[in-house]
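Hi everyone, thanks for making time this morning. Please have a look at it while I talk.

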Amino acid sequence: MSVPEATSRAVAVRFSKVSRHFGEVRAVDQVDLDIYDGEFFSMLGPSGSGKTTCLRLIAGFEQPTSGSIQLYSQEMVGVPPFLRDVNTVFQDYALFPHMTIGDNIGYGLMVKGVAKGERDKRVKEMLELVQLPNIEKRKPSQLSGGQRQRVALARALINHPRVLLLDEPLGALDLKLRQQMQIELKQIQHRVGITFIFVTHDQEEALTMSDRIAVFNKGKIEQIGNPSQIYERPETPFVAGFVGISNMITAEAANRLFGKAGLYAVRPEKIHLAAPDTPVPADSYSADGTIDEVIYLGINTRYLVNLDVGGELTVVEQNLKVTSMDAQAQHGRRVRLIWQKDLTRELHEV
Ligand code: ATP
């Protein structure tokens, strides 16, 4: 696992050897983690990898089996959720259907005994923050999914928690709206400056929004880094396969291509598709093969190439001057794949 970059920022959340077991299941297994104040931090991983359990441990809905959890240097183990300076936004919004939007957003302030005038003012500010002005009087059923999610965000932010936990909050939205909300969410986080901890299984979402990402697998963190570190410099086979297209060169092929054993990854857009006799520059590796499949995707084309040394690599090329007919005509063609040596990552199992 990589060490996060050195930073002078305060640590908002610290996990030290945190485990949460459910019977035989190690949902979270000996996790060490620092999340810094003001970060947009994502927990990324497949279903069942332990992300939500980590979020629930921070919120206080779960207690660890062992280990320590600190929020701004204060030990949280044993502290109930309502005494933690965090708030959660859930995928299903969890709005009260019978209440107006204004009352939903102001609910936390009402419970705290904040006077109505002040409450109304802050509800208004929050609705402006999430770009839904003047909808205080409406009911949740009169809003679209995207609008409801913004209301849920406004409700979670009105108390100015130090840490906002977001559990797949965009999961119920269609792709276009989700992409739009990803950008908005990041802008809102910039404006409010609160630490956001975002759980998702969608790698593109994590890459788009995060300052840093922790990639989870089977209750453990395999790698922590900023989006380009995670994408460009995956350290383990799991990270290389889960984030982006899996493009591995395994033992025997590696031996023949690079003259050394091991497991290697190279991203598909780094590979140049060239004619079979193209000379290979000294700073590059090459592999000869045959195009086995062509997938035309409009903006680019994905070529699956069977390598002569065994195995397969995917190459993605932009369709700068290529039509779908040109792309399909490549099927069965002999090619030489060429890519820079320094873009080849050696992987290690954790
Ligand atoms: P998803 O994206 O599907 O929510 P996740 O990565 O968030 O997955 P968790 O919900 O944290 O994963 O679950 C991790 C593991 O712990 C899973 O095997 C899950 O079945 C198990 N688990 C979680 N909560 C409980 C519970 N209350 N009782 C028993 N097992 C649980």
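Let's start with N217, which you'll find in strand β9, residues 212–217. Keep in mind throughout that this is a predicted model. Is N217 buried or exposed? Its relative accessibility is 15%, and the cut-off for buried is under 20%, so N217 counts as buried. And what does N217 touch, once we leave out residues up to four places away in sequence? The answer is S49, E222 and F238.

Now let's zoom out to the whole chain. There are 350 residues in the protein chain, and 49% of them count as buried. The chain contains 10 helices and 18 strands. If you draw a box along the principal axes around the C-alpha atoms, it comes to roughly 80 × 45 × 40 Å.

Next, the nonpolar cores. The largest one has 34 residues, and the members that touch the most other members are I105, L153, L157 and L164. Which elements each supply at least two residues of this core? They are the helices α2, α3, α4 (145–157) and α5 (175–192), together with the strands β7 (163–167) and β8 (195–200). The most comes from α4, which gives 6 residues. Let me pick out L153: not counting residues up to four places away in sequence, L153 touches V89, V130, L164, L166, L185 and I188. Apart from this core lies another one, of 29 residues, and V18, I58, M76 and V199 are among them.

Let's turn to helix α2. Its buried residues are I101, G102, N104, I105, G106 and L109. A helix reminder for anyone who wants it: an α-helix has 3.6 residues a turn, so residues three or four places apart point the same way. What do the buried residues of α2 pack against? They pack against α3 and α4, and I'll take those partners in turn.

First, α3. Helix α2 covers residues 101–111 and helix α3 covers residues 116–129; they pack at an angle of about 120°, and their axes are 9 Å apart. The two helices are therefore oblique to each other. The crossing of α2 past α3 is right-handed. On the α2 side, the contact is made by I101, G102, I105, G106, L109 and M110, and on the α3 side by R119, R122, V123, M126 and L127. Sorted by class, that contact has 7 nonpolar, 2 polar and 2 charged residues.

Then α4. Here the axes of α2 and α4 come within 7 Å and cross at roughly 30°, which makes α2 roughly parallel to α4. This crossing, too, is a right-handed one. From α2 we have I101, N104 and I105, and from α4 we have V151, A154 and R155 making the contact. By class, those residues divide into 4 nonpolar, 1 polar and 1 charged.

One last stop before questions. Just after α2, have a look at G113, which takes a positive phi of about 85°.

Key:
Residues are numbered from 1 along each chain as its sequence is written. This is a predicted model: local features need pLDDT of at least 70, side-chain atom pairs count only at pLDDT 80 or more; totals for chains, interfaces and linings use all residues. Side-chain values use heavy atoms; hydrogens and water are left out. Axes are lines fitted to C-alpha atoms, for helices over the stretch in contact, and angles run from 0 to 180 degrees between N-to-C directions. Helices (H or I, at least four residues) and strands (E, at least two) are DSSP runs, numbered from the N terminus. Angles under 35 degrees count as roughly parallel, over 145 as roughly antiparallel, 65 to 115 as roughly perpendicular and the rest as oblique. A crossing is left-handed if the near helix is turned anticlockwise from the far one by less than a right angle, and right-handed if clockwise. Contact means heavy atoms within 4.5 Å. Ala, Val, Leu, Ile, Met, Phe, Trp, Tyr, Cys and Pro count as nonpolar, Asp, Glu, Lys and Arg as charged, and the others, Gly among them, as polar. A nonpolar core is a set of buried Ala, Val, Leu, Ile, Met, Phe, Trp, Tyr and Cys residues joined through side-chain atoms within 4.5 Å. Buried means under 20% relative accessible area, exposed over 50%, partly exposed in between (1.4 Å probe, protein chains only).
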